Amino acid sequence: MSTSVLKPIPHSTAIILAAGKGTRMKSDLPKAAHTILGRSLIKWGISAARQAGYERIVVVIGSGEDYMREHLKDAGVELVVQHEQKGTGHAVAVALDQTKIAEGIVAVFYGDTPLIEPATLARVAEKLSEDEKNAAAILVTRPKDPSGYGRVLLGKSGVVDAIIEDRDCSHEERDTLVDCNPGIYAFDATELYKNIKRLGCDNAQGEYYITDMIGILRKEGQSVQSVLVEDDSQLMGINSQVQLAEAAKVMQLRINRAWMDEGVFMLDPNLVWIGPDVVLNRNTQVLPLTFLWGTTEIHEGAVVGPNTRLSNTIVGAHSVIDETVAQDVRIDEDVHVGPRAYLRPGTHLKRGAHAGTHIEIKNSTVGEGAKVPHLSYIGDATIGEGVNIGAGSITCNYNGFEKNKTVIGNRTFIGSNTMMVAPVSLGDDVITGAGSIITEDVESGSLAIARERQKNIKGYTKKYRASHNKE
Ligand code: UD1
Ligand code: MG
């Protein structure tokens, strides 16, 4: 997915309102912190504003202030706090007051509109700049179901006369006015700054509405223009859990379609979830019930899924990752993983390696062409090239206090069910006997066998059974 800036908008600021609690979400999390494909609603908004070309981005926070501050600390935005939520107009007033922005273009939109595309966000500023006489421009949409939206009173050729909130509409207005306000505005900053104190709160909610600014500017004889956006799916505001899920579906398919257009095969795009920062390549396959999160990269010709969850994981070319959970892992080319493998942070599987079924690997390197095929736990280990780890083998890396390292040289053959009690080091070309408990280092080229010798007792079975059947 492209993240480049479309075209810088000179002297522009985007103010994103995200101070509301989001009562209708019925959640302890502030509304703007809810996520869609691993990215919060507010970060979707910030990303769209940045890509649209806005120079300065100001986010108004309030509810859950500490949480939001922490959440946005590396987002590269200016934060403004609206301590009491007295409405969207009040939020803008607080932002202007604290930032003192009184020149250029100020775009205002809401942190609960995550599907907005950068180009759409740029259009409202373009509309404003078309004519010097414009004091504001807004987007207008005609959704199938207008309930809940503020209604836009349109005059001739797209001139906006006023916005009336849904709750303040008469029955007749609610039924007849089809032009809706998605909440995306661009203002001439000087006019906005000059008039912001004139907003009143004489309405159904007793709040200061930014939507009233349109009527105020018109009464001043200013021009306010509109742009109709046909694709209303990107203008959806999230106010409830149901809408959050609906928006996630739209975003999921938007991302998946973009990757399919780049040559990625998906058996069913409805059953694949890909985060916005993931990178895929041509000729890759993403099979059903697969989640790709964070900065995961899937290289040319690799197959991931089904039933797979990868976070911040790099999958090399032509590797196959089947029914696997992996986080912070590096997988080189031609590696085969799974089915049913768990790869934890710090794992590096080198070229041609194989990590098979019911295995867990953590903070370990598996060398080129080495195999960990069945039922193993490998932790804090370095495994050389061409090593074979027999079924059921385990690195005993934890003594209850510290984690210790296991080092295994090249071409070493670990017999099934070998316990390697770390810290321990096995050289190149070592063989361990099946069932051995290795507690001491093993020199290259040696056989290490550490188990009880087998004793066979002739005729024992008959005596044993007889002793149990006495009565
Ligand atoms: C708002 C618009 C409505 C529009 C709709 C589109 C107003 C008055 N109404 O209604 O015309 O059709 O969005 O989705 O603007 N916020 C603050 N501080 C506050 C109040 C709200 O920062 O004091 C933030 C919220 O966090 C939210 C955004 O502003 O992100 C919008 O608030 P919300 O309550 O969702 O407004 P809507 O009822 O959806
Ligand atoms: Mg809303």
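This is a predicted model: local features need pLDDT of at least 70, side-chain atom pairs count only at pLDDT 80 or more; totals for chains, interfaces and linings use all residues.
Residues are numbered from 1 along each chain as its sequence is written, chains are lettered from A and ligands numbered from 1 in the order in which they are written, and side-chain values use heavy atoms, with hydrogens and water left out.

**Around ligand 1**

- Ligand 1 has 24 residues around it, and Gln82, Gly87, Tyr110, Glu165 and Asn181 come nearest (a residue is near if one of its heavy atoms lies within 4 Å).
- That shell splits into 9 nonpolar, 10 polar and 5 charged residues (Ala, Val, Leu, Ile, Met, Phe, Trp, Tyr, Cys and Pro count as nonpolar, Asp, Glu, Lys and Arg as charged, and the others, Gly among them, as polar).
- Thr88 puts a side-chain N or O atom 2.8 Å from an oxygen atom of ligand 1.
- Asn239 has a polar side-chain atom 3.2 Å from a ligand 1 oxygen, and for Lys86 a backbone N or O atom is 3.4 Å from one (a polar contact is a pair of N or O atoms within 3.5 Å).
- On its own, ligand 1 exposes 760 Å², and the protein buries 89% of that (Shrake-Rupley areas, 1.4 Å probe).

**Aromatic pairs**

- There are 5 aromatic pairs in the structure (ring centres of Phe, Tyr or the six-membered ring of Trp within 6.5 Å; planes under 30 degrees apart are stacked, over 60 edge-to-face, the rest tilted).
- One of them is Tyr110 with Tyr185, an edge-to-face pair at 6.1 Å centre to centre and 65° between the planes.
- Tyr110 belongs to strand E6 (residues 105-110) and Tyr185 to strand E11 (residues 185-188), so this pair ties together parts that are 75 residues apart in sequence.

- Gly305 and Pro306 are joined by a cis peptide bond, with omega about 0°; Pro306 is in the loop between strand E18 (303-304) and strand E19 (308-311).
- Ala422 to Pro423 is also a cis peptide bond, omega near 0°, and Pro423 is in the loop between strand E37 (419-421) and strand E38 (424-426).
- Asn283, a residue other than glycine, has a positive phi near 60°.

Key: A polar contact is a pair of N or O atoms within 3.5 Å; within protein, one must be able to donate a hydrogen and the other to accept it, and residues adjacent in sequence count only if both atoms are side-chain atoms. Helices (H or I, at least four residues) and strands (E, at least two) are DSSP runs, numbered from the N terminus.
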